[in-house]
Amino acid sequence: MATAAAGLAPAKEVVEKKVELLKEIRAHEVAIAELDNLNPSRAVYQKAGNIFFRKSVKSVITTEQSNRYSIASLSSYFLSLACIV
C-alpha cells in the first residue's frame, strides 16, 4: 500500500507541472494577441530581469512566440513523463 501512494505522488507532481506550463502557454498566447492589436509603429516595453527595454511590437511578438514554443516543448515532455509513470 505504501508503494502505491509513493507512485501517485510523482505522477501528481508531473500533472501539476503540466497544468502550470499550460497556464504559461496561455499567458503567452494572450500577450501575442494583445500585441497583434497594437499599431506596428508603436513602441512597447519588455521586461528582462528587473529592467524594461523599449522595443518594437514585432520584436516582442517574436520573443513571446519563441517563449511559447519552448514552454510547449516542455509541456510535451511532461506529458510523455505522465504517460510513462
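This is a short tour of the structure, stop by stop, with something to select at each one.

**Before you start**

The model is predicted, so to speak of local features a pLDDT of at least 70 is needed and side-chain atom pairs count only at pLDDT 80 or more, while totals for chains, interfaces and linings use all residues. Numbering runs from 1 along each chain as its sequence is written, and side-chain values use heavy atoms, with hydrogens and water left out.

**Stop 1: the whole chain**

Show the chain as a cartoon. Two helices and two strands make up its secondary structure, and along the sequence they follow the pattern α-β-β-α. Helices (H or I, at least four residues) and strands (E, at least two) are DSSP runs, numbered from the N terminus.

The chain exposes about 6400 Å², with 60% of that supplied by carbon and sulfur atoms; areas come from the Shrake-Rupley method with a 1.4 Å probe, and for residues only the protein chains shown count as cover. Of the 85 residues, 18% count as buried. Buried means under 20% relative accessible area, exposed over 50%, and partly exposed in between (1.4 Å probe, protein chains only).

How much of the contact total comes from residues 24 or more positions apart? Among contacts with a separation of 6 or more, such pairs account for 57%. Contact here means heavy atoms within 4.5 Å.

**Stop 2: the nonpolar core**

Select I32, L35, V44, V57, V60 and I61. These six residues form the largest nonpolar core, a nonpolar core being a set of buried Ala, Val, Leu, Ile, Met, Phe, Trp, Tyr and Cys residues joined through side-chain atoms within 4.5 Å. Helix 1 and helix 2 each supply at least two of its residues, and the largest share, three residues, comes from helix 2.

Next, pick out V60, in helix 2 (residues 57-84). Is V60 buried or exposed? V60 is buried, with a relative accessible area of 6%. Beyond its neighbours within four places in sequence, V60 is in contact with L35, V44, Q46 and K55.

Move on to V57. Not counting residues up to four places away in sequence, V57 touches L35, L38, N39, P40, R42 and V44.

**Stop 3: H28 and E64**

Show the side chains of H28, in helix 1 (residues 2-36), and E64, in helix 2. A polar contact of 2.5 Å joins these two side chains. The term covers a pair of N or O atoms within 3.5 Å; within protein, one must be able to donate a hydrogen and the other to accept it, and residues adjacent in sequence count only if both atoms are side-chain atoms.

H28 is buried at 14% relative accessible area, and E64 is buried at 14%. Setting aside neighbours within four places in sequence, H28 is in contact with E64, N67, R68 and I71.

**Stop 4: the salt bridge**

Side chains of opposite charge can pair when their charged atoms come close. A search of the whole structure finds one salt bridge, meaning a side-chain nitrogen of Lys or Arg within 4 Å of a carboxyl oxygen of Asp or Glu. R26 forms a salt bridge with E29, and their closest N and O atoms are 3.5 Å apart. R26 and E29 are three residues apart in helix 1, so about one helical turn separates them. R26 is exposed, at 51% relative accessible area, whereas E29 counts as partly exposed, at 28%.
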